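Me: I'd like to learn how to read a few features in a structure like this one. Could you walk me through them?

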Amino acid sequence: MVNVRSGISAALVAAAFVAAAPVAQLEARQAPRTVTLTVTDPVGEKMSYSLKQIVVKPGEKIKVRLISVAQTPKIVMAHNFVLLKAGTDIKKFTDAAANARATDFIPPAFKSSILAQVGMVGPGESMEVVFTAPTVVGKYTFLCSFAGHYAAGMWGDLIVKK
Ligand SMILES: [Cu+2]
């Protein structure tokens with residue numbers, strides 16, 4: 001009985017290993033392309049990312065690296081990167097985000113609207129996220145969800161284009 005059982009589990013382990021191998025090879029073949037977004041302190045009332053557009057291929061593997069070269073202390077002002085699903089109501093999202101300080105300005109009710117996100121960065125910090133671009137061609141909004149930053153201009157378009 002014991003022998004039969006261990007025979008089965010060895011076979012299962014072998015099967016799992018074989019199934020995992022092609023996926024690992026695929027991942028290695030498609031190393032993510034790095035896109036660097038820099039954020040800094042507001043200029044007058046205006047805020048922005050260093051890029052207004054990120055153009056990607058459908059299903060492309062992308063690494064977004066968010067770097068803050070701001071001076072303002074993080075407690076006062078920080079910046080993140082949130083990529084939203086097509087069709088998300090941006091006004092509703094940013095209104096909810098403004099009241100979500102406890103969760104780093106990510107409104108819990110909108111979690112399912114988020115395709116990718118990088119946490120809040122303060123002066124001298126950087127953070128990154130690796131994600132697979134949507135396979136559907138179109139425009140997807142990315143924005144900083146810190147209260148007021150979207151309205152001040154801290155947003156852009158991820159453009160999925162063949
Ligand atoms: Cu910001």
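This is a predicted model: local features need pLDDT of at least 70, side-chain atom pairs count only at pLDDT 80 or more; totals for chains, interfaces and linings use all residues.

Me: How many aromatic pairs does the structure hold?
Reply: Five. To class a pair, look at the planes: under 30 degrees apart is stacked, over 60 is edge-to-face, and the rest are tilted. With ring centres 4.5 Å apart and planes at 40°, Phe105 and Phe146 therefore make a tilted pair. Phe105 belongs to the loop between H2 and E5, and Phe146 to the loop between E7 and E8, so their pairing ties together parts 41 residues apart in sequence.

Me: Are Phe105 and Phe146 buried or exposed?
Reply: Buried means under 20% relative accessible area. Phe105 has 4% relative accessibility, so it counts as buried; Phe146, at 9%, counts as buried too.

Me: What is the strand order in the open sheet of five strands?
Reply: Read it across the sheet: E2-E8-E7-E4-E5, with mixed pairing. E2 and E5 stand at the edges with a single partner strand each, so one side of each lacks a neighbour in the sheet. On average, neighbouring strands are turned by 20° against each other, direction ignored.

Me: In which sense do E4 and E7 pair?
Reply: Antiparallel, over two bridges. Leu83 has Phe142 in E7 as its bridge partner, and Phe142 also forms one aromatic cluster with Tyr49 and Phe81. Helix H2 lies across E4, E5 and E7, at about 15° to E7.

Methods. Residues are numbered from 1 along each chain as its sequence is written. Side-chain values use heavy atoms; hydrogens and water are left out. Two strands pair if DSSP finds at least two bridges between them. Helices (H or I, at least four residues) and strands (E, at least two) are DSSP runs, numbered from the N terminus. Axes are lines fitted to C-alpha atoms, for helices over the stretch in contact, and angles run from 0 to 180 degrees between N-to-C directions. Contact means heavy atoms within 4.5 Å. Rings of Phe, Tyr and Trp (its six-membered ring) pair if their centres lie within 6.5 Å; planes under 30 degrees apart count as stacked, over 60 as edge-to-face and the rest as tilted. Buried means under 20% relative accessible area, exposed over 50%, partly exposed in between (1.4 Å probe, protein chains only).
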